[in-house]
Amino acid sequence: MQFNTINLIREHQPLVYCMTNLVVANYTANGLLALGASPLMSLNPAEAAEIPRFAQALLLNIGTLNGSDVEAMSLAGQSANQVGIPVVLDPVGVGATQCRRAAVQRLLAEVQFALIRGNAGEIATLAGIDWQAKGVDAGCGEADPVLAAKRVAERYRCVVALSGATDVISDGVQVAKITNGTPLLPRVTGSGCLLGAVCAAFAGVVEKTDYFQACVEACTLYAVAGELAAAGLLPTQTGSFCTALLDQLAAVSAQQVCQRVEVSYV
């Protein structure tokens, strides 16, 4: 398996337009910069349709919705569809409230997404599978994550990345499982949101036909960077890990990922 897309990101420095939540905006921007991409953070409706014309990818993250955010996201998403850049949806806590469900339903109706990235609870909710979510956390359930990812991918004609102890990536036909990672990743607020932005950067430097493979590469590299960042740290050193993850996103190489990769196709 090749992991050359990270080299394209560092060479071309794709501009990723992030319409993300206030909790994670700073960490997401720094994570993209560490990776080699260029972040642009804005939720302003007045420029939402304009920025996709010069960006290489768009991230829509509903973590902390405010009054005009969904309108701005819809405008940006439709503009991105018109110019042909990939749009990534992070449906944070979609099962938690009716407001979030309505926002995601609107975006899915008005925007064609290249990728949906979420935790098990979020993807299960989109798949219509019973799941006991806990706010914006993954919660618990007995559903098959492969089935959930495939169902959402088929329904919305996109790639789906379900994040967890084992990441599941599917385009509705192909399925990859990634077992790299560290228990420290979910201990950092915004680690999943940053992964959505990383996926957007990877999608922004490849052709549409390569989105599935780019997503597998993005999630694998991110998990390996987490492993390297966690090396030598105690389970309680979440602050140190938070900074170390940014350092590893800047330093990790395609060769290191190839040496540590734990990906299977089913």
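**Entry 1: the cavity**

I looked for cavities first, and this predicted model holds one of 30 Å³ or more. The space in the largest cavity comes to about 30 Å³. I then listed what lines the largest cavity: T20, N21, L22, L43, N61, I62, G63, T64, L65, D69 and M73. Sorted by class, that lining has five nonpolar, five polar and one charged residues.

**Entry 2: the largest pocket**

Pockets came next. I got about 880 Å³ of space for the largest pocket. Its lining takes in 36 residues, and L185, P186, V188, S191 and G192 are the closest to the centre. I wanted to know which elements give two or more residues to this lining, and found β5 (115-119), β7 (137-140), α7 (191-203) and α8 (211-230). The largest share is from α7, with four residues. By class I noted 15 nonpolar, 14 polar and seven charged residues in the lining of the largest pocket.

**Entry 3: the second largest pocket**

The second largest pocket has about 310 Å³ of space. I found 17 residues lining the second largest pocket, and the closest to its centre are Q112, F113, A114, K208 and Y211. Both α3 (69-83) and α8 turn up here, each supplying at least two residues of the lining. The class tally for the second largest pocket is 10 nonpolar, four polar and three charged residues.

**Entry 4: α3 against α4**

On to helix pairs. A reminder to myself: two packed helices are described by the angle between their axes and the distance between the axes. For α3 and helix α4 (residues 98-110), I have an angle of about 20° and axes 10 Å apart. Angles under 35 degrees count as roughly parallel, so α3 and α4 are roughly parallel to each other. Their crossing is right-handed.

Which residues meet here? From α3 I wrote down V70, E71, M73, S74, Q78 and N81, and from α4 A103, R106, L107 and E110. The contact of α3 with α4 splits into four nonpolar, three polar and three charged residues.

**Entry 5: α5 against α6**

Helix α5 (residues 120-127) packs on helix α6 (residues 145-156) at about 50°, with the axes 8 Å apart. That angle makes α5 and α6 oblique to each other. I checked the handedness too: α5 passes α6 in a left-handed crossing.

On the α5 side I found I123, A124, L126 and A127, meeting A148, A149, R151, V152, R155 and Y156 of α6. The contact of α5 with α6 has eight nonpolar and two charged residues, and no polar ones.

**Entry 6: α8 against α9**

Last, I went back to α8, which had come up in the linings of the largest pocket and the second largest pocket. How do the axes of α8 and helix α9 (residues 238-251) cross? They come within 8 Å and cross at roughly 125°. I put α8 and α9 down as oblique to each other, with α8 passing α9 in a right-handed crossing.

The α8 residues in this contact are L221, Y222, A225, G226, L228, A229 and A230. Facing them in α9, I listed F241, A244, L245, Q248 and L249. My class count for the contact of α8 with α9 reads 10 nonpolar, two polar and no charged residues.

Note on methods:
Residues are numbered from 1 along each chain as its sequence is written. This is a predicted model: local features need pLDDT of at least 70, side-chain atom pairs count only at pLDDT 80 or more; totals for chains, interfaces and linings use all residues. Side-chain values use heavy atoms; hydrogens and water are left out. Axes are lines fitted to C-alpha atoms, for helices over the stretch in contact, and angles run from 0 to 180 degrees between N-to-C directions. Angles under 35 degrees count as roughly parallel, over 145 as roughly antiparallel, 65 to 115 as roughly perpendicular and the rest as oblique. A crossing is left-handed if the near helix is turned anticlockwise from the far one by less than a right angle, and right-handed if clockwise. Contact means heavy atoms within 4.5 Å. Ala, Val, Leu, Ile, Met, Phe, Trp, Tyr, Cys and Pro count as nonpolar, Asp, Glu, Lys and Arg as charged, and the others, Gly among them, as polar. On a 1 Å grid over the protein atoms alone, a cavity is a set of points where a 1.4 Å probe fits but cannot get out, and a pocket is an open set with protein on both sides within 12 Å along at least five of seven lines; lining residues have an atom within 4 Å of a point. Grid points are joined across faces, edges and corners, and a volume is the space filled by probe spheres set on the points.
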